[in-house]
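I opened this entry to keep track of what I looked up in one structure.

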Amino acid sequence: MEIKEFSEKYIKDVAQIEKQCFSNPWQETVLAGELQNACSHIYVAVENGRAVGYAMLYILCGEADVIRVAVLPEFRRSGAARSLLLKSFENNKTDSVFLDVRESNAPAIKLYQSLGFIDTGVRKDYYSNPTENAVLMKKEF
């Protein structure tokens with residue numbers, strides 16, 4: 001598995017990942033627009049020429065927000081999400097990184113904790129479809 005920068009080549013793959021992983025998936029047009037967003041830094045995990053996972057960070061003023069992390073179900077527990085995040089952090093030096101995650105997503109929370117993120121709070125009813133609290137997390141460098 002290779003970690004590469006997101007490009008037009010992977011828009012359709014990432015849109016499919018969105019559909020399989022999120023209850024409110026982003027459309028191809030939205031993903032294509034991220035290529036023009038100077039704050040957006042996106043990496044894809046590529047297996048046999050197709051994207052099987054991706055991570056998106058917004059970076060501004062020395063801080064990063066993890067906006068999306070998703071891996072196709074058949075590639076989970078392969079280290080793809082960890083590799084995506086580590087490459088994102090390595091290529092985009094910041095003072096701190098923030099994220100939110102559904103409180104029921106125990107595997108993701110465990111991954112983030114293993115990368116040095118700490119819980120900083122809960123945002124009540126943040127997610128929809130279904131409604132769920134968000135766990136807020138932060139990592140400092």
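My notes on the fold, the side-chain pairs and the backbone follow.

**Ground rules.** I am working with a predicted model, in which local features need pLDDT of at least 70, side-chain atom pairs count only at pLDDT 80 or more, and totals for chains, interfaces and linings use all residues. I number residues from 1 along each chain as its sequence is written, and side-chain values use heavy atoms, with hydrogens and water left out.

**Layout.** I looked up the secondary structure and found four helices and seven strands (DSSP runs numbered from the N terminus, H or I of at least four residues for helices, E of at least two for strands). Along the sequence I read the pattern β-α-α-β-β-β-α-β-α-β-β. The radius of gyration is 14 Å, close to the 14 Å from the globule rule for 141 residues, so the protein is as compact as a globular protein of that length. That radius is taken over C-alpha atoms, and the rule is 2.2 Å times the number of residues to the power 0.38. Along the principal axes, the C-alpha atoms fill a box of roughly 40 × 35 × 30 Å.

I then checked burial: 42% of the 141 residues are buried (under 20% relative accessible area, with exposed over 50% and partly exposed in between; 1.4 Å probe, protein chains only). For contacts (heavy atoms within 4.5 Å) between residues at least 6 apart in sequence, 58% join residues at least 24 apart.

**Rings.** I counted four aromatic pairs, using ring centres within 6.5 Å for Phe, Tyr and Trp (its six-membered ring), with planes under 30 degrees apart as stacked, over 60 as edge-to-face and the rest as tilted. Tyr 126 and Tyr 127 have ring centres 5.1 Å apart and planes at 80°, so I logged the pair as edge-to-face. Tyr 126 is partly exposed at 42% relative accessibility, while Tyr 127 is buried at 17%. I also noted a cluster of Phe 89, Tyr 112, Phe 117 and Phe 141, linked by ring pairs.

Next I looked for charges over rings (NZ of Lys or CZ of Arg within 6 Å of the ring centre and within 35 degrees of the ring normal). Arg 68 has its charged end over the ring of Phe 22, 3.9 Å from the centre. Arg 123 does likewise over Tyr 126, at 5.2 Å.

**Salt bridges.** The search gave seven (a side-chain nitrogen of Lys or Arg within 4 Å of a carboxyl oxygen of Asp or Glu). One of them joins Glu 28 and Lys 12, with the closest N and O atoms 3.4 Å apart. I placed Glu 28 in helix 2 and Lys 12 in helix 1, 16 residues apart. Another joins Glu 74 and Arg 50 at 3.7 Å. Glu 74 lies in the loop between strand 4 and helix 3 and Arg 50 in strand 3, so this pair ties together parts 24 residues apart in sequence.

**Backbone.** Most residues other than glycine have a negative phi, and most peptide bonds are trans. I listed the exceptions I looked up. Asn 129 and Pro 130 are joined by a cis peptide bond, with omega about 0°; Pro 130 is in the loop between strand 6 and strand 7. Cys 61 has a positive phi of about 55°, sits in the loop between strand 3 and strand 4, and is exposed at 75% relative accessibility. Asp 125 also has a positive phi, near 55°, but lies in strand 6. Asp 125 forms a salt bridge with Lys 124, the closest N and O atoms being 3.9 Å apart.
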